[in-house]
Amino acid sequence: MLAGTGVVAGTEQVGDQLYLLHLDLPEIAPLVQPGQLVLVRCSDPDYPAFDPFLPRAFFVFAADRSAGRLSVLVERRGRGSAWLTGRREGDRVLAHGPVGRRITPERLTRHLLLLADGFTGVAALSFLGSEAARGGLAVTLLQNSVNGGLPPHLLQADVEYRSTSPEVGGLLGALPALVPWADELVIAAAPPLLDTLAALRRSRAAPFTLSAGKPIRAVPLFQPRLGAGGGDLLPCGTGMCGACEVRVQGGWRLFCHDGPAFPLEELRLVEDEPGYE
Ligand SMILES: Cc1cc2nc3c(=O)[nH]c(=O)nc-3n(C[C@H](O)[C@H](O)[C@H](O)COP(=O)(O)OP(=O)(O)OC[C@H]3O[C@@H](n4cnc5c(N)ncnc54)[C@H](O)[C@@H]3O)c2cc1C
Ligand code: FES
(Lines give C-alpha, C1' and ligand atoms only; values in the text may rest on other atoms or scores of the structure.)
(Ligands and ions follow the chains in the order given, each with its own letter.)
Protein backbone atom coordinates (compact mmCIF):
# COMPACT_ATOMS: atom_id res chain seq x y z
CA MET A 1 0.00 0.00 0.00
CA LEU A 2 1.32 3.42 -0.99
CA ALA A 3 0.69 6.88 0.43
CA GLY A 4 0.33 9.93 -1.72
CA THR A 5 -0.77 13.52 -1.48
CA GLY A 6 -3.32 14.04 -4.20
CA VAL A 7 -4.91 17.08 -5.75
CA VAL A 8 -8.66 17.41 -6.23
CA ALA A 9 -9.30 17.67 -9.96
CA GLY A 10 -13.01 18.31 -9.54
CA THR A 11 -16.06 17.74 -7.32
CA GLU A 12 -19.49 17.07 -8.83
CA GLN A 13 -22.68 16.94 -6.80
CA VAL A 14 -24.57 14.06 -8.44
CA GLY A 15 -27.42 13.54 -5.97
CA ASP A 16 -29.00 14.95 -2.83
CA GLN A 17 -26.08 14.01 -0.54
CA LEU A 18 -23.96 12.35 -3.20
CA TYR A 19 -20.71 13.61 -4.70
CA LEU A 20 -18.21 12.35 -7.23
CA LEU A 21 -14.67 13.42 -6.43
CA HIS A 22 -11.93 13.23 -9.02
CA LEU A 23 -8.47 12.96 -7.46
CA ASP A 24 -5.11 13.24 -9.15
CA LEU A 25 -3.08 10.65 -7.26
CA PRO A 26 -0.05 9.82 -9.42
CA GLU A 27 1.41 7.34 -6.91
CA ILE A 28 -1.77 5.32 -6.38
CA ALA A 29 -4.15 5.72 -9.34
CA PRO A 30 -1.93 3.91 -11.92
CA LEU A 31 -2.12 0.79 -9.71
CA VAL A 32 -5.82 0.55 -8.90
CA GLN A 33 -7.91 -2.43 -10.02
CA PRO A 34 -11.65 -3.15 -9.96
CA GLY A 35 -12.92 -3.82 -6.43
CA GLN A 36 -10.10 -2.01 -4.68
CA LEU A 37 -10.34 0.80 -2.16
CA VAL A 38 -8.45 3.89 -1.17
CA LEU A 39 -8.20 5.33 2.33
CA VAL A 40 -8.53 9.08 2.50
CA ARG A 41 -7.45 11.21 5.45
CA CYS A 42 -10.26 13.71 5.87
CA SER A 43 -8.29 16.71 7.05
CA ASP A 44 -5.98 19.26 5.46
CA PRO A 45 -2.54 17.68 4.78
CA ASP A 46 -0.89 21.04 5.41
CA TYR A 47 -2.64 21.66 8.76
CA PRO A 48 -3.54 18.11 9.94
CA ALA A 49 -6.18 17.86 12.68
CA PHE A 50 -6.78 15.00 15.11
CA ASP A 51 -10.52 14.96 14.52
CA PRO A 52 -11.36 13.23 12.26
CA PHE A 53 -8.10 11.38 12.74
CA LEU A 54 -8.58 7.97 11.11
CA PRO A 55 -8.80 7.79 7.31
CA ARG A 56 -12.13 6.85 5.68
CA ALA A 57 -12.41 4.04 3.13
CA PHE A 58 -13.84 4.58 -0.34
CA PHE A 59 -14.16 2.12 -3.20
CA VAL A 60 -12.53 3.26 -6.42
CA PHE A 61 -15.54 4.21 -8.54
CA ALA A 62 -13.56 4.85 -11.74
CA ALA A 63 -9.97 5.41 -12.78
CA ASP A 64 -7.91 6.76 -15.63
CA ARG A 65 -4.68 4.99 -14.78
CA SER A 66 -2.56 6.59 -17.50
CA ALA A 67 -3.61 10.05 -16.31
CA GLY A 68 -2.96 9.13 -12.65
CA ARG A 69 -6.57 10.03 -11.75
CA LEU A 70 -9.23 8.12 -9.83
CA SER A 71 -12.76 8.96 -8.75
CA VAL A 72 -14.65 8.11 -5.58
CA LEU A 73 -18.41 8.30 -5.05
CA VAL A 74 -18.98 9.82 -1.63
CA GLU A 75 -22.23 9.94 0.30
CA ARG A 76 -22.14 12.86 2.75
CA ARG A 77 -22.91 11.25 6.11
CA GLY A 78 -20.65 12.48 8.87
CA ARG A 79 -17.58 14.58 9.65
CA GLY A 80 -15.14 12.84 7.31
CA SER A 81 -17.38 12.69 4.26
CA ALA A 82 -18.61 16.26 4.90
CA TRP A 83 -15.02 17.49 4.88
CA LEU A 84 -14.17 15.52 1.75
CA THR A 85 -17.22 16.57 -0.27
CA GLY A 86 -16.40 20.19 0.60
CA ARG A 87 -13.06 19.97 -1.24
CA ARG A 88 -12.73 21.91 -4.46
CA GLU A 89 -10.42 21.84 -7.47
CA GLY A 90 -6.82 22.35 -6.43
CA ASP A 91 -7.30 21.31 -2.78
CA ARG A 92 -4.90 18.66 -1.47
CA VAL A 93 -5.78 15.35 0.21
CA LEU A 94 -3.70 12.58 1.71
CA ALA A 95 -4.58 9.06 0.57
CA HIS A 96 -3.33 5.49 0.96
CA GLY A 97 -3.94 2.55 -1.31
CA PRO A 98 -4.79 0.54 -3.19
CA VAL A 99 -6.39 -1.79 -0.64
CA GLY A 100 -7.83 -5.24 -1.39
CA ARG A 101 -7.69 -7.64 -4.30
CA ARG A 102 -8.82 -7.18 -7.85
CA ILE A 103 -12.21 -8.65 -8.77
CA THR A 104 -11.87 -10.41 -12.12
CA PRO A 105 -14.75 -12.08 -14.00
CA GLU A 106 -14.45 -15.83 -14.57
CA ARG A 107 -12.70 -16.83 -17.79
CA LEU A 108 -15.85 -18.12 -19.50
CA THR A 109 -18.16 -15.31 -18.41
CA ARG A 110 -19.79 -13.38 -21.24
CA HIS A 111 -22.79 -11.91 -19.39
CA LEU A 112 -21.95 -10.31 -16.05
CA LEU A 113 -24.68 -9.28 -13.63
CA LEU A 114 -23.72 -6.77 -10.92
CA LEU A 115 -26.10 -6.30 -8.00
CA ALA A 116 -25.50 -3.19 -5.93
CA ASP A 117 -27.26 -2.35 -2.69
CA GLY A 118 -27.28 1.41 -2.18
CA PHE A 119 -24.66 3.86 -3.32
CA THR A 120 -21.81 2.07 -1.56
CA GLY A 121 -22.77 -1.04 -3.54
CA VAL A 122 -22.57 0.92 -6.77
CA ALA A 123 -19.25 2.42 -5.69
CA ALA A 124 -17.93 -1.11 -5.09
CA LEU A 125 -18.97 -2.46 -8.50
CA SER A 126 -18.93 0.36 -11.06
CA PHE A 127 -15.20 0.10 -11.84
CA LEU A 128 -15.56 -3.66 -12.31
CA GLY A 129 -18.49 -3.04 -14.68
CA SER A 130 -16.56 -0.50 -16.77
CA GLU A 131 -13.49 -2.70 -17.08
CA ALA A 132 -15.54 -5.80 -17.92
CA ALA A 133 -17.52 -3.92 -20.58
CA ARG A 134 -14.27 -2.55 -22.01
CA GLY A 135 -13.04 -6.16 -22.19
CA GLY A 136 -16.05 -7.14 -24.34
CA LEU A 137 -18.46 -8.55 -21.72
CA ALA A 138 -22.15 -7.68 -21.64
CA VAL A 139 -22.65 -6.03 -18.27
CA THR A 140 -25.84 -5.15 -16.40
CA LEU A 141 -25.63 -3.23 -13.14
CA LEU A 142 -28.77 -3.27 -11.00
CA GLN A 143 -28.94 -0.87 -8.08
CA ASN A 144 -31.35 -1.05 -5.18
CA SER A 145 -31.89 2.32 -3.58
CA VAL A 146 -34.33 3.94 -1.19
CA ASN A 147 -33.61 7.47 -2.35
CA GLY A 148 -33.30 7.34 -6.12
CA GLY A 149 -30.76 5.85 -8.45
CA LEU A 150 -27.43 6.95 -9.78
CA PRO A 151 -27.40 9.36 -12.74
CA PRO A 152 -26.70 6.71 -15.44
CA HIS A 153 -24.27 8.99 -17.30
CA LEU A 154 -21.79 8.40 -14.48
CA LEU A 155 -21.37 4.81 -15.66
CA GLN A 156 -19.60 3.78 -18.82
CA ALA A 157 -22.06 3.94 -21.75
CA ASP A 158 -21.99 0.22 -22.54
CA VAL A 159 -22.85 -0.82 -18.98
CA GLU A 160 -26.61 -1.34 -18.85
CA TYR A 161 -27.91 0.39 -15.75
CA ARG A 162 -31.17 -0.56 -14.01
CA SER A 163 -32.53 0.58 -10.70
CA THR A 164 -35.01 -0.87 -8.27
CA SER A 165 -36.28 -0.03 -4.80
CA PRO A 166 -37.40 -1.96 -1.71
CA GLU A 167 -41.07 -1.12 -2.49
CA VAL A 168 -40.96 -3.23 -5.66
CA GLY A 169 -38.96 -6.10 -4.19
CA GLY A 170 -35.39 -4.76 -4.30
CA LEU A 171 -32.55 -6.82 -5.71
CA LEU A 172 -34.18 -10.19 -4.97
CA GLY A 173 -37.39 -9.14 -6.71
CA ALA A 174 -35.51 -8.35 -9.91
CA LEU A 175 -33.50 -11.57 -9.99
CA PRO A 176 -35.94 -13.93 -11.79
CA ALA A 177 -35.76 -11.80 -14.94
CA LEU A 178 -31.97 -11.43 -14.86
CA VAL A 179 -30.43 -14.64 -13.51
CA PRO A 180 -31.15 -16.80 -16.62
CA TRP A 181 -29.26 -14.22 -18.73
CA ALA A 182 -26.19 -14.02 -16.47
CA ASP A 183 -23.15 -16.32 -16.55
CA GLU A 184 -21.86 -14.84 -13.30
CA LEU A 185 -23.13 -12.59 -10.51
CA VAL A 186 -21.26 -10.20 -8.25
CA ILE A 187 -23.27 -8.69 -5.42
CA ALA A 188 -22.32 -5.92 -2.99
CA ALA A 189 -24.81 -5.87 -0.14
CA ALA A 190 -25.31 -6.17 3.59
CA PRO A 191 -24.93 -9.64 5.19
CA PRO A 192 -28.66 -10.44 5.66
CA LEU A 193 -29.31 -10.09 1.92
CA LEU A 194 -26.21 -12.12 1.05
CA ASP A 195 -27.37 -14.78 3.47
CA THR A 196 -30.85 -14.91 1.89
CA LEU A 197 -29.34 -15.20 -1.56
CA ALA A 198 -27.05 -18.02 -0.42
CA ALA A 199 -30.02 -19.86 1.13
CA LEU A 200 -32.05 -19.53 -2.09
CA ARG A 201 -29.20 -20.95 -4.11
CA ARG A 202 -28.52 -23.78 -1.64
CA SER A 203 -32.14 -24.87 -1.77
CA ARG A 204 -32.30 -24.41 -5.55
CA ALA A 205 -35.34 -22.22 -5.05
CA ALA A 206 -36.39 -19.77 -7.78
CA PRO A 207 -34.58 -18.10 -9.49
CA PHE A 208 -31.85 -20.72 -8.94
CA THR A 209 -33.87 -23.81 -9.92
CA LEU A 210 -31.79 -24.23 -13.07
CA SER A 211 -28.97 -21.87 -12.17
CA ALA A 212 -27.58 -23.10 -8.85
CA GLY A 213 -24.11 -23.66 -10.36
CA LYS A 214 -23.56 -20.10 -11.54
CA PRO A 215 -20.65 -18.41 -9.79
CA ILE A 216 -21.67 -15.71 -7.35
CA ARG A 217 -19.17 -13.52 -5.60
CA ALA A 218 -20.19 -11.32 -2.71
CA VAL A 219 -18.83 -8.09 -1.28
CA PRO A 220 -20.16 -7.83 2.30
CA LEU A 221 -20.90 -4.18 2.99
CA PHE A 222 -20.45 -4.12 6.74
CA GLN A 223 -18.78 -6.32 9.22
CA PRO A 224 -20.79 -8.77 11.32
CA ARG A 225 -18.66 -8.18 14.42
CA LEU A 226 -19.65 -4.52 14.50
CA GLY A 227 -23.34 -5.27 13.97
CA ALA A 228 -25.88 -3.16 12.15
CA GLY A 229 -25.84 -0.46 14.84
CA GLY A 230 -22.10 -0.64 15.50
CA GLY A 231 -21.07 2.27 13.33
CA ASP A 232 -18.88 2.38 10.27
CA LEU A 233 -15.69 0.40 10.01
CA LEU A 234 -12.59 2.57 9.85
CA PRO A 235 -10.13 0.12 8.29
CA CYS A 236 -6.36 0.26 8.64
CA GLY A 237 -6.13 -1.46 5.27
CA THR A 238 -2.84 -3.14 6.15
CA GLY A 239 -3.99 -6.46 7.59
CA MET A 240 -2.71 -5.40 11.05
CA CYS A 241 -5.72 -4.37 13.13
CA GLY A 242 -8.05 -7.32 12.47
CA ALA A 243 -11.13 -5.07 12.54
CA CYS A 244 -12.24 -6.21 9.10
CA GLU A 245 -12.43 -9.95 9.81
CA VAL A 246 -15.09 -11.75 7.78
CA ARG A 247 -16.41 -15.14 8.89
CA VAL A 248 -16.03 -17.78 6.18
CA GLN A 249 -16.45 -21.54 6.12
CA GLY A 250 -13.80 -22.95 8.44
CA GLY A 251 -12.32 -19.67 9.69
CA TRP A 252 -11.80 -15.99 9.15
CA ARG A 253 -10.55 -13.83 6.31
CA LEU A 254 -9.55 -10.19 6.24
CA PHE A 255 -11.74 -7.98 4.09
CA CYS A 256 -8.83 -5.60 3.40
CA HIS A 257 -6.38 -8.35 2.47
CA ASP A 258 -8.43 -11.26 1.07
CA GLY A 259 -11.51 -9.28 -0.03
CA PRO A 260 -13.47 -7.37 -0.88
CA ALA A 261 -15.15 -10.23 -2.82
CA PHE A 262 -15.64 -13.78 -1.52
CA PRO A 263 -17.40 -16.79 -3.05
CA LEU A 264 -20.96 -16.48 -1.75
CA GLU A 265 -21.12 -20.10 -0.63
CA GLU A 266 -18.07 -19.66 1.64
CA LEU A 267 -19.45 -16.76 3.67
CA ARG A 268 -20.90 -17.37 7.15
CA LEU A 269 -22.16 -13.91 7.99
CA VAL A 270 -25.34 -14.30 9.99
CA GLU A 271 -24.91 -15.74 13.48
CA ASP A 272 -28.15 -17.72 13.86
CA GLU A 273 -27.77 -19.49 10.53
CA PRO A 274 -26.69 -23.15 10.32
CA GLY A 275 -23.01 -23.27 9.43
CA TYR A 276 -22.06 -20.22 11.54
CA GLU A 277 -19.52 -21.71 13.97
C1 LIG B 1 -14.85 -1.12 2.93
C2 LIG B 1 -15.56 0.20 2.94
C3 LIG B 1 -15.82 0.87 1.75
C4 LIG B 1 -16.50 2.08 1.75
N5 LIG B 1 -16.73 2.71 0.57
C6 LIG B 1 -17.44 3.86 0.55
C7 LIG B 1 -17.71 4.53 -0.69
O8 LIG B 1 -17.28 4.12 -1.77
N9 LIG B 1 -18.45 5.68 -0.63
C10 LIG B 1 -18.92 6.18 0.57
O11 LIG B 1 -19.58 7.23 0.56
N12 LIG B 1 -18.64 5.58 1.75
C13 LIG B 1 -17.91 4.45 1.77
N14 LIG B 1 -17.63 3.84 2.97
C15 LIG B 1 -17.99 4.54 4.23
C16 LIG B 1 -16.91 5.60 4.58
O17 LIG B 1 -15.65 5.00 4.73
C18 LIG B 1 -17.22 6.32 5.88
O19 LIG B 1 -17.37 5.38 6.91
C20 LIG B 1 -18.47 7.14 5.77
O21 LIG B 1 -18.25 8.14 4.79
C22 LIG B 1 -18.82 7.84 7.08
O23 LIG B 1 -17.71 8.51 7.55
P24 LIG B 1 -17.82 10.00 8.15
O25 LIG B 1 -16.49 10.40 8.66
O26 LIG B 1 -18.49 10.87 7.18
O27 LIG B 1 -18.84 9.78 9.36
P28 LIG B 1 -18.55 9.77 10.93
O29 LIG B 1 -19.87 9.48 11.54
O30 LIG B 1 -17.85 11.02 11.35
O31 LIG B 1 -17.57 8.55 11.15
C32 LIG B 1 -17.94 7.27 10.72
C33 LIG B 1 -17.76 6.24 11.83
O34 LIG B 1 -16.43 6.23 12.25
C35 LIG B 1 -16.37 5.84 13.59
N36 LIG B 1 -15.48 6.80 14.24
C37 LIG B 1 -15.45 8.13 14.04
N38 LIG B 1 -14.46 8.67 14.76
C39 LIG B 1 -13.86 7.65 15.43
C40 LIG B 1 -12.78 7.57 16.35
N41 LIG B 1 -12.08 8.65 16.72
N42 LIG B 1 -12.45 6.35 16.82
C43 LIG B 1 -13.12 5.26 16.45
N44 LIG B 1 -14.15 5.27 15.59
C45 LIG B 1 -14.52 6.45 15.10
C46 LIG B 1 -17.77 5.83 14.13
O47 LIG B 1 -18.16 4.45 14.23
C48 LIG B 1 -18.59 6.48 13.08
O49 LIG B 1 -19.82 5.84 12.96
C50 LIG B 1 -16.94 2.64 2.99
C51 LIG B 1 -16.67 1.99 4.19
C52 LIG B 1 -15.99 0.78 4.18
C53 LIG B 1 -15.71 0.09 5.48
S1 FES C 1 -8.72 -3.14 8.20
FE2 FES C 1 -7.16 -3.57 9.62
S3 FES C 1 -6.77 -5.65 9.19
FE4 FES C 1 -8.20 -5.15 7.67
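Reader: Which residue is the bridge partner of Asp-117 in β9?
Author: Asn-144 is the partner of Asp-117 there. Keep in mind that this is a predicted model.

Reader: And Ala-116, what does that one pair with in β9?
Author: Gln-143 is the bridge partner of Ala-116.

Reader: How many bridges join β8 to β9, and do the strands run parallel or antiparallel?
Author: Seven bridges, and the two strands run parallel.

Reader: Is β8 enclosed or open to the outside?
Author: Largely enclosed by the rest of the structure, because six of its seven residues are buried.

Reader: What about β8 and β11, in which sense do they pair?
Author: Parallel, over five bridges. Strand β8 spans residues 111-117 and β11 spans residues 184-189.

Reader: Step back. What is the strand order in that sheet?
Author: The order is β10-β9-β8-β11-β12-β15. Six strands make up this open sheet, and the pairing is mixed.

Reader: Which strands stand at the edges there?
Author: β10 (159-164) and β15 (262-263). Each has a single partner strand, so one side of each lacks a neighbour in the sheet.

Reader: Which strands does helix α3 lie across?
Author: β8, β9, β10 and β11. The helix covers residues 170-178 and runs at about 150° to β9.

Reader: New topic, domains. What are the bounds?
Author: Domain 1 is 2-99 and domain 2 is 111-266, according to the domain assignment of the chain. Their centres, taken over C-alpha atoms, are separated by 22 Å.

Reader: How many residues are in contact between domain 1 and domain 2?
Author: On the domain 1 side, 21 residues, which touch 19 residues of domain 2.

Reader: Which strands supply the domain 1 side?
Author: β2 (18-24), β4 (56-59), β5 (62-64), β6 (69-75) and β7 (92-99) each supply at least two residues. β4 gives the most, with four residues.

Reader: How do those residues divide, polar or nonpolar?
Author: The side of domain 1 that touches domain 2 has 15 nonpolar residues, three polar and three charged.

Reader: Now the seven-strand sheet. What's the order?
Author: β4-β3-β7-β1-β2-β6-β5. It is an open sheet with antiparallel pairing. β4 and β5 are the edge strands, each pairing on one side only. The twist from one strand to the next averages 35°.

Reader: How many bridges join β1 to β2?
Author: Six, with the strands running antiparallel. β1 takes in residues 2-13. Among its residues, Val-8 has Leu-23 as its bridge partner in β2.

Reader: How many residues has the largest nonpolar core?
Author: It has 76 residues. Those with the most contacts inside it are Val-38, Val-60, Leu-70, Leu-114, Ile-187 and Leu-194. Helix α2 (residues 118-134) contributes the largest share, eight residues. At least three residues of this core come from each of domain 1 and domain 2.

Reader: Take Val-60. What does it touch?
Author: Leaving out residues up to four places away in sequence, Val-60 touches Val-32, Gln-36, Leu-37, Val-38, Leu-70, Val-72 and Phe-127.

Reader: Ala-29 next. Buried or exposed?
Author: Buried, because 25 other C-beta atoms lie within 10 Å of Ala-29, and 20 or more count as buried.

Reader: Where does Ala-29 lie, and what does it touch?
Author: In the loop between β2 and β3 (37-41). Not counting residues up to four places away in sequence, Ala-29 touches Ala-63, Arg-65, Gly-68, Arg-69 and Leu-70. From Ala-29 to Pro-55 the C-alpha atoms are separated by 17 Å, and the two are 26 residues apart along the chain.

Reader: Last one, Gly-86. Why is it exposed?
Author: Because Gly-86 has 12 other C-beta atoms within 10 Å, and 12 or fewer count as exposed. Its place is in the loop between α1 (79-85) and β7.

Reader: How far apart in space are Gly-86 and Thr-238?
Author: 28 Å, C-alpha to C-alpha. In sequence, Gly-86 and Thr-238 are 152 residues apart.

Definitions and conventions:
Residues are numbered from 1 along each chain as its sequence is written. Chains are lettered from A and ligands numbered from 1 in the order in which they are written. This is a predicted model: local features need pLDDT of at least 70, side-chain atom pairs count only at pLDDT 80 or more; totals for chains, interfaces and linings use all residues. Domain bounds come from an automatic or database domain assignment. Two residues are in contact if their C-beta atoms, placed from the backbone, lie within 7 Å. Ala, Val, Leu, Ile, Met, Phe, Trp, Tyr, Cys and Pro count as nonpolar, Asp, Glu, Lys and Arg as charged, and the others, Gly among them, as polar. Two strands pair if DSSP finds at least two bridges between them. Axes are lines fitted to C-alpha atoms, for helices over the stretch in contact, and angles run from 0 to 180 degrees between N-to-C directions. A nonpolar core is a set of buried Ala, Val, Leu, Ile, Met, Phe, Trp, Tyr and Cys residues joined through C-beta atoms within 7 Å.
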